[in-house]
Amino acid sequence: MSETRIPNAAGTRFVQVATLDGLRPGEFRRIAVEGHALVLARDGAAVYAFQSTCPHEMADLAQGRIDDGCLICPRHLATFRLSDGAVSTGWKNVAPLKLYPVRIDGNEITVDAAAVARNPPAGKRQVWDLSR
Ligand code: FES
């Protein structure tokens, strides 16, 4: 998908990653922004963009699910609050989930590529080849 630049505040660079009518409620989709793998997830009317691997042991978060505003990791079931990335209690040594700003402009879903570049997602897994 080509990047569409949308006018915005200084220090941000929102690029189109999907369309709202193309992302079903409950859907998780792998995307690439600034050469980094992220996951885009829709929960009702809300859309989130976050790192693709779990901060605990790098499980694939595209296989997770969302419940009550929290992302649940598919491997060991740690939960991450989607408002700020905080991990659930009992996971003291696990870093918060990296979340990235999302805007919905009409039918376009955009993610702040400048934020991804400033604070790239953790984990060694890099971009999938999305052309296949
Ligand atoms: S890998 Fe996600 S909780 Fe362990």
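**Close-up views of a predicted model**

**View 1. Contacts across the whole chain.** Of the contacts in the protein chain between residues at least 6 apart in sequence, 46% join residues at least 24 apart. Keep in mind that this is a predicted model. The protein chain has 132 residues, and buried residues make up 34% of them.

**View 2. The elements in order.** Let's walk along the protein chain, which has one helix and ten strands. Starting at the N terminus, the order is β-β-β-β-β-β-β-β-β-β-α.

**View 3. The largest nonpolar core.** Here we look at a core of 32 residues, the largest nonpolar one. Leu38, Leu40, Ala49, Phe50, Tyr100 and Val111 are the residues with the most contacts inside this core. Several elements give two or more residues to the core, among them β3 (36-43), β4 (46-51) and α1 (113-118). Which element gives the most to this core? That is β3, with five residues.

**View 4. The surroundings of Phe50.** Now pick out phenylalanine 50, which is listed among the core residues with the most contacts. Leaving aside residues up to four places away in sequence, Phe50 touches Leu38, Val39, Leu61, Leu71, Leu97, Lys98, Leu99 and Tyr100.

**View 5. A sheet of three strands.** This open sheet has the order β1-β10-β9, and its pairing is antiparallel. β1 and β9 (102-105) are the edge strands, each pairing on one side only. On average, neighbouring strands of this sheet are turned by 35° against each other, direction ignored.

**View 6. Where β9 meets β10.** Four bridges link β9 and β10, which pair in the antiparallel sense. Look for aspartate 105: its bridge partner in β10 is glutamate 108.

Methods: Residues are numbered from 1 along each chain as its sequence is written. This is a predicted model: local features need pLDDT of at least 70, side-chain atom pairs count only at pLDDT 80 or more; totals for chains, interfaces and linings use all residues. A nonpolar core is a set of buried Ala, Val, Leu, Ile, Met, Phe, Trp, Tyr and Cys residues joined through C-beta atoms within 7 Å. A residue is buried if 20 or more other C-beta atoms lie within 10 Å of its own, exposed if 12 or fewer, and partly exposed in between; C-beta atoms are placed from the backbone. Two residues are in contact if their C-beta atoms, placed from the backbone, lie within 7 Å. Two strands pair if DSSP finds at least two bridges between them. Axes are lines fitted to C-alpha atoms, for helices over the stretch in contact, and angles run from 0 to 180 degrees between N-to-C directions.
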